[in-house]
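Hi there,

Here is the structure I promised to pass on to you. Have a look at it first, and then read my notes below with the model open beside them.

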Amino acid sequence: MNKKFLLVICLFFSLTLFCQTKEEVLRDAKITSKATLESKFETVLNYTYPPVLKIMGGKDQALSLVTDTMNTMKKQGFIFKSAEVLEVSEIINEQNQYRCYVKTKNIMHINKMKITSISYLLGIYNTEAKLWNFIEAKQLSNPMMSSVLPDFKTSLKIPKGTVKTEEID
């Protein structure tokens, strides 16, 4: 009886530790979206896929680059109006990673233009940090991504994003 009980307890804890849920993805994606709106770029980078940060020269250099870029854009009239997480796909386990995609909607203003973007993030569960990391799915076709995700293959059918612009007063 004790062996069966221990087996059930071990199985329960291992499932609890290794099962990833859509709620966790939503939580982490919403933290990232909120941090983007609040210009808390260090938080955004905490949820960025680590090999991307490595390509950018490390987290400190990435933070400097993102901060400088956003400050320059703000001086040119760029305003992030909203960043919404709309939905999460199924979570799959492939190539030794838990993965999904996240549909987002961003609204930005610049120079009397409203830009509405529907985009998709690839989510990859970071087992060490116990959180979800994200990378823009449209970047997956960039040749540089082979160093970020070597031999990347996925059964996820990630839709293409859309961008709509309209004049505003």
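Strands β1 and β3 pair in the antiparallel sense, and eight bridges link them. To find one of these places on your screen, look for Val-88, whose bridge partner in β3 is Val-102. Please keep in mind that this is a predicted model.

β3 has other partners too. Three bridges join it to β2, again with the strands running antiparallel; here Ile-92 has Arg-99 of β3 as its bridge partner. β2 and β3 form a hairpin with two residues between them, and in that turn Gln-95 has a positive phi of about 50 degrees.

On to β4, which covers residues 113-126 and is joined to β3 by twelve bridges, also antiparallel. Lys-105, for example, has Ile-118 in β4 as its bridge partner. These two strands form a hairpin as well, with two residues between them, and Asn-111 in the turn has a positive phi of about 45 degrees.

How much of β3 is covered? Mostly it is: ten of its 14 residues are buried. Thr-104, which lies in this strand, has a relative accessibility of 6%, so it counts as buried. Leaving aside residues up to four places away in sequence, Thr-104 touches Glu-84, Leu-86, Ser-117, Ile-118, Ser-119 and Leu-121.

Ser-89 sits in the loop between β1 (79-88) and β2 (92-94). Is Ser-89 buried or exposed? Its relative accessibility is 9%, and because buried means under 20%, Ser-89 counts as buried. A polar atom of the Ser-89 side chain lies 2.9 Å from the backbone nitrogen of Tyr-101. Tyr-101 is also among the residues that Ser-89 touches, along with Lys-22, Cys-100 and Leu-156, again not counting residues up to four places away in sequence.

Finally, a word on confidence. The protein chain has an average pLDDT of 89, and 89% of the residues score at least 70. Residues 1-18 are another matter: there the pLDDT is below 50, and the stretch has one contact in the model beyond near neighbours in sequence. Where pLDDT is low, the predicted coordinates should not be read in detail.

Enjoy exploring, and write back with any questions!

Best wishes

Definitions and conventions
Residues numbered from 1 in each chain as written. Predicted model: local features only at pLDDT ≥ 70, side-chain atom pairs only at ≥ 80, totals over all residues. Heavy atoms only, no water. Helix = DSSP H or I, 4+ residues; strand = E, 2+ residues; numbered from the N terminus. Buried < 20%, exposed > 50% of the residue type's maximum accessible area, 1.4 Å probe, protein only. Polar contact = N/O pair within 3.5 Å; in protein donor to acceptor, adjacent residues only side chain to side chain. Contact = heavy atoms within 4.5 Å. pLDDT = per-residue confidence, 0-100. Pairing = 2+ DSSP bridges.
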